[in-house]
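Colleague: Could you take a close look at one part of this model for me? I'd like to hear about the charged side chains and how they pair up.

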Amino acid sequence: MDRPDETVKFPSCDAYFDTIQSKKKLPLSLQESLTAAFAQIPVSSFPDVPNGRVIEIPGDTSVLDAVRILSEHNIRAAPVLNPECGAPADCKGRYLGIIDYSAIILWVLENAEIAAVALSAGSATAAGVGMGAVGAVGVAALGATGPAAVAGLTAAAVGAAVAGGLTAEKGVAKDGLTAADQLGEDFYKVLLQQEPFKSTTVRSIIESYRWSPFVPITLDTSMLTVLLLLSKYRLRNVPVIEPDKPIIKNFITQTGVVKGLQQCKGRDWFDYISALPLSDLGLPFMSLDEVITVNSGDLILEAFKCMKDNKIGGVPVVEGPNRKLVGSVSIRDIRFLLLRPDLFSNFRQLTVMEFMKTIGSTVPDSGNGLVKPPLTCSPDASLGSVIDSIASRITHRIYVVDGDFEVVGVVTLRDVISCFIYEPPGYCDNYLASAMDKLEEKGAGSVDTS
């Protein structure tokens with residue numbers, strides 16, 4: 001797996017945005033005019049979600065059912081309702097947060113190891129992680145604590161398995177990682193059919209594996225605030241509530257905003273900016289050395305772990321020393337592992353290429369037989385053509401390739417939005433101050449950087 005040099009780190013919100021502004025070759029007067037215009041447009045003018053109804057998931061919904069809901073509605077995230085009766089009537093009381101594939105993948109990767117040890121012990125209960133478990137082991141198994149406690153749970157489960165002699169009887173190594181390699185179809189029997197895994201709820205996941213803060217806005221908030229939250233402040237979605245009601249009226253995503261920009265064709269400002277080549281906008285912002293890739297021969301779980309570790313939503317799949325692009329994998333592809341276990345009985349040993357080919361054989365119009373043909377553009381492509389390409393598919397990025405199809409950069413939805421705005425001095429001192437506090441509470445690395 002190819003990663004950037006160890007000294008390369010994702011910049012803070014300010015550093016990222018400052019870098020963007022320094023690279024853009026746009027007249028300052030145009031940027032100021034656009035920013036002022038967006039500041040005058042209320043969020044209420046933004047189109048509603050399809051069918052006019054925001055899909056919400058009750059907090060007591062099982063993980064598997066939540067994945068089904070996201071997949072069936074072709075969405076990446078959804079607000080989570082507080083299932084408790086008598087919850088406060090305000091927005092924070094009604095909603096627990098947002099569930100997305102990012103949080104689910106964290107849960108899957110952590111619990112794959114737990115389930116592996118549980119199986120090597122004969123069952124989750126025998127491994128000491130059943131519903132009757134007590135102490136740190138019990139609460140971690142039930143999703144009441146975070147990843148640190150989960151690590152302790154794995155160790156406890158290993159100890160229980162070894163003490164019971166069941167590991168040796170099964171001919172499985174005495175550590176969770178090796179045991180997981182031998183799981184096969186039984187993994188799903190443990191993770192999705194046995195307790196406590198079967199009863200893991202959406203609520204427990206967002207409490208332990210929350211990826212980004214829940215920052216609702218009101219209908220009278222300006223679109224500039226939304227654009228800044230979705231670009232500089234790294235959020236992928238922003239829930240919109242009515243001023244006097246704690247109900248999510250709309251759900252604005254990066255994808256929705258870029259599609260909205262696409263509808264501005266014919267307006268002078270958009271036509272001028274969209275006709276510029278990527279280089280005039282400083283794109284791609286991420287240099288060649290910063291692009292994180294996975295090799296086609298890497299294990300698929302390593303690819304998902306790479307996304308988790310680097311807080312990114314997708315990676316290009318490459319082959320050879322020149323990093324020739326052969327495919328792509330996104331974080332939402334984890335749904336295939338959960339919804340189609342019949343296809344991935346040996347998923348712990350499955351390579352990225354095998355994963356893409358397996359999904360490609362089952363997905364209609366998959367093009368080259370992979371999960372999806374990678375979305376690409378040339379270094380001299382115009383911003384408008386990039387917007388058209390990204391808006392035509394549900395994807396968060398387009399890969400910049402040279403004539404030999406070598407990956408030389410990536411342009412994300414966040415990058416595209418950032419091209420059209422800048423933050424006026426002191427703007428964050430008002431509304432965005434609370435949003436910044438929420439971001440800092442989770443740490444700069446807890447939100448998605450793509």
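Is Lys265 buried, partly exposed or exposed?

Modeller: Lys265 is partly exposed, with a relative accessible area of 48%. Keep in mind that this is a predicted model. The lysine has a partner: its side chain meets that of Asp388 in a salt bridge, 3.0 Å from N to O. Lys265 sits in the loop between helix H13 (254-262) and helix H14 (268-274), while Asp388 belongs to helix H18 (residues 383-391), so the bridge ties together parts 123 residues apart in sequence. Asp388 comes out at 26% relative accessibility, so it counts as partly exposed too.

For context, a search of the whole structure turns up six salt bridges. Another one joins Arg203 and Glu84, with the closest N and O atoms 3.0 Å apart. That pair also links distant parts of the chain: Arg203 is in helix H11 (residues 202-208), and Glu84 is in the loop between strand S2 (77-81) and helix H4 (91-94), 119 residues away. Arg203, at 22% relative accessibility, is partly exposed; buried would need a value under 20%. Glu84 counts as partly exposed at 46%.

Then there's a local pair: Asp309 and Lys305 form a salt bridge at 2.8 Å, N to O. Both lie in helix H15 (residues 300-310), four residues apart, or about one turn of the helix. Asp309 has 39% relative accessibility and counts as partly exposed, and Lys305 is partly exposed at 34%.

Conventions
Residues are numbered from 1 along each chain as its sequence is written. This is a predicted model: local features need pLDDT of at least 70, side-chain atom pairs count only at pLDDT 80 or more; totals for chains, interfaces and linings use all residues. Side-chain values use heavy atoms; hydrogens and water are left out. A salt bridge is a side-chain nitrogen of Lys or Arg within 4 Å of a carboxyl oxygen of Asp or Glu. Helices (H or I, at least four residues) and strands (E, at least two) are DSSP runs, numbered from the N terminus. Buried means under 20% relative accessible area, exposed over 50%, partly exposed in between (1.4 Å probe, protein chains only).
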